[in-house]
Amino acid sequence: MQDLLIKKQIMNKNKWYNIVIWSICSICFLIFIIAASGKFSVSGNMYQNFLKWGYNYTVLIIVGLLEALGAIFLLVPKLRRIGAYILIFVMLAAIMTHIINFNEMGLPLFPIALVSLLTLILFLNKYNQKQ
């Protein structure tokens, strides 16, 4: 009887874990896919901004590809950790760009918030592997 109760508690924990991790990953997926899609157009604002910040078109495309790849990896449980690391790297570069161009861009609050969410994904992913 006690074993059945313990198994039920574990199943409830896993259910909540799955809801939380999939919700966070889905939100990050949408954010990064939308961000990546804006980087594949020469006529968009993002192209002009990258030039203004001292980056060329190749960097814009690489960042867009990394964002798209990382976002897709977040939805694949076995690749989730790799996707989070890719996106953290991209967001750290975005934070540095914000700091260098502080007068124009201001505080990098949104990239910092995304790094926090991605770190939470890494933590939850590791927590699930321990069980």
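The legends below describe close-up views of a predicted model. Residues are numbered from 1 along each chain as its sequence is written, and side-chain values use heavy atoms, with hydrogens and water left out. Local features need pLDDT of at least 70 and side-chain atom pairs pLDDT 80 or more, while totals for chains, interfaces and linings use all residues.

**View 1. Helices of the protein chain.** The protein chain has six helices and zero strands, in the order α-α-α-α-α-α from the N terminus. Helices (H or I, at least four residues) and strands (E, at least two) are DSSP runs, numbered from the N terminus. Of the 131 residues in the protein chain, 34% are buried; buried means under 20% relative accessible area, exposed over 50%, and partly exposed in between (1.4 Å probe, protein chains only).

**View 2. The largest pocket.** This pocket holds about 530 Å³ of space. A pocket is an open set of points on a 1 Å grid over the protein atoms alone, where a 1.4 Å probe fits, with protein on both sides within 12 Å along at least five of seven lines; lining residues have an atom within 4 Å of a point. The volume is the space filled by probe spheres set on the points, which are joined across faces, edges and corners. Of the 25 lining residues, K39, F50, V63, E67 and A94 are the closest to the centre. At least two lining residues come from each of α1 (2-37), α2 (45-52), α3 (57-74), α4 (80-100) and α6 (109-130), and α4 gives the largest share, seven residues. The lining comprises 20 nonpolar, three polar and two charged residues (nonpolar: Ala, Val, Leu, Ile, Met, Phe, Trp, Tyr, Cys and Pro; charged: Asp, Glu, Lys and Arg; polar: the others, Gly among them).

**View 3. The salt bridge between K39 and E67.** The count comes to one salt bridge, defined as a side-chain nitrogen of Lys or Arg within 4 Å of a carboxyl oxygen of Asp or Glu. The closest N and O atoms of K39 and E67 are 3.0 Å apart. The pair links distant parts of the chain, 28 residues apart: K39 lies in the loop between α1 and α2, and E67 in helix α3. Both residues are buried.

View 4. E104 belongs to helix α5 (residues 102-105). With a relative accessibility of 45%, E104 is partly exposed. Its C-alpha atom is separated by 9.9 Å from that of W53, 51 residues apart along the chain.
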